[in-house]
Every structure is written in C-alpha cells, then in structure tokens.
Amino acid sequence: MKKNLVLFVLFILPIVAYLFFASGINSFAKLPTITTNIPEINSWKTLDDKPVNLKGKITVLGFIGQDVLQHKGNIFNLYEKIFDRNKNFKDFQMVMIMPDGTQNEVKELQKILVSLGTQAGWNFVFGTPDEILGYYNSLKLVGKLDDKLGTPNVFIIDKNRNLRGRKGQDKKGKVEYKEGYNTKFVSELYNQMIDDVKIILAEYRLALKKNHNATKQLLSNEK
C-alpha cells in the first residue's frame with residue numbers, strides 16, 4: 001500500500017497537477033479534436049527517399065510552400081519554441097510538406113538548422129501541387145494555403161491521426177476555435193502552442209502509465 005502511494009506521488013500526481021494547471025491556461029482539460037482520421041503521408045518520400053508515418057507519433061505538421069528560405073524565420077521560431085522543448089520525447093516529430101522542386105532549397109535550410117541543434121525528428125516530405133492541395137483540403141480547415149502552397153500555420157496531429165486544437169466553449173463559457181498556430185508570432189507559439197503540445201504529451205504519458213499498470217495487474221492475476 002505504501003509502495004503504491006509513493007508511486008502515485010512520483011508519477012501520477014505530477015501529470016494530474018500539470019493537466020489541472022494547463023487547463024487553466026487554455027481553458028480546456030483535454031485538447032479538442034478538430035478533424036478525425038486524417039490521411040497518412042507515407043506515400044511521399046523524404047530527401048533520403050524514406051517514408052514518414054503519422055500513426056503512432058505526435059506530429060507538428062506544416063506546409064512551408066515554394067518560397068522555402070523566405071520562411072526560415074518561421075522555422076527558427078518553431079524549432080526554438082516547440083521542437084527544442086520536446087525533442088527528447090521519442091514519439092514526437094515535425095513533418096513539413098513541401099512541393100516537388102524545392103529539394104535544393106530544403107537542403108540549404110537544413111544546413112542552417114544544424115546551427116540550432118539536432119535534426120533528428122525533423123522530416124521534409126515532397127509531393128506534387130495537386131497532392132498537397134488535396135491533402136490540405138482533407139484536413140477540413142477554415143484557413144487556406146497561399147498561391148505558393150504554403151501557410152505560416154502549423155498543426156498538432158495526435159497518435160491516432162486526429163488534428164487537435166481548440167474548439168467549443170471553454171470553462172468560462174467563451175467560444176474558442178484554433179485549428180493551427182502561426183509560426184510568425186513567437187507570442188502565439190509561447191502562450192498557446194507550448195501549452196497545447198504539453199497537454200497532448202501529458203495525455204499520452206498518463207495513458208502509458210494506465211496501460212502499464214493494467215498489464216502489471218493482468219500478469220499478477222495470472223499467477
């Protein structure tokens with residue numbers, strides 16, 4: 001009994017406490033779902049000709065567009081405020097969807113990113129304009145891509161390929177809707193997206209803990 005209490009204090013209580021305080025910041029105890037079951041992207045390839053999967057990963061998804069180096073400031077903001085804080089979480093990844101023909105610019109961007117730190121977990125995948133437009137439309141968003149197939153917004157995708165954000169009434173009864181986070185504004189990444197990513201990560205840590213305890217209980221019952 002004493003051992004279980006210690007484990008609760010060490011592992012469960014901090015997560016519950018975080019969810020409580022985080023929900024006070026964004027007014028949602030659990031980050032709402034904007035679009036369910038978005039398509040996989042594993043038919044598209046990276047610069048290394050490898051597929052990337054959304055299933056089983058917490059993904060920050062972006063559409064940089066054709067003017068790659070014009071958006072490097074946005075990428076720096078995203079790296080420093082979001083990726084750098086979560087890069088050690090093994091199931092966390094960044095996926096940037098790029099138009100075919102931007103491969104050389106992406107290589108130049110990667111050289112610049114090296115100065116910030118590791119690129120493990122950063123993925124650039126390439127598709128045709130029609131593929132990118134079709135995929136973006138499948139997200140069922142209010143915002144649109146520009147004429148260069150880009151947007152400064154990035155999106156949070158959970159492990160079940162659901163797009164998460166803010167939707168509905170918060171605890172104060174105020175209507176709130178946010179489908180993406182504008183990488184131009186450090187304040188938006190810092191005040192909103194950091195918090196929302198933490199809630200998703202805490203949600204999965206709690207689920208892992210529950211599954212671990214359930215497995216231990218099942219094994220104990222089988223003895």
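Leu149 is buried, with a relative accessible area of 7%; buried means under 20% relative accessible area and exposed over 50%, with partly exposed in between, using a 1.4 Å probe and protein chains only. Leu149 sits in the loop between α4 (129–138) and β5 (153–157), where helices (H or I, at least four residues) and strands (E, at least two) are DSSP runs numbered from the N terminus. The phi of Leu149 is near 70°, a positive value in a residue other than glycine. Most residues other than glycine have a negative phi.

This is a predicted model, in which local features need pLDDT of at least 70 and side-chain atom pairs count only at pLDDT 80 or more, while totals for chains, interfaces and linings use all residues. Residues are numbered from 1 along each chain as its sequence is written, and side-chain values use heavy atoms, with hydrogens and water left out.

Asp49 also has a positive phi, near 60°. Asp49 belongs to the loop between β1 (33–35) and β2, and is exposed, with a relative accessible area of 56%.

The largest cavity is lined by residues including Phe63, His71, Met96 and Thr183; a cavity is a set of points, on a 1 Å grid over the protein atoms alone, where a 1.4 Å probe fits but cannot get out, and lining residues have an atom within 4 Å of a point. Both β2 (58–63) and α2 (72–86) give two or more residues to this lining. The largest share, 3 residues, comes from α2.

Notes: On a 1 Å grid over the protein atoms alone, a cavity is a set of points where a 1.4 Å probe fits but cannot get out, and a pocket is an open set with protein on both sides within 12 Å along at least five of seven lines; lining residues have an atom within 4 Å of a point.
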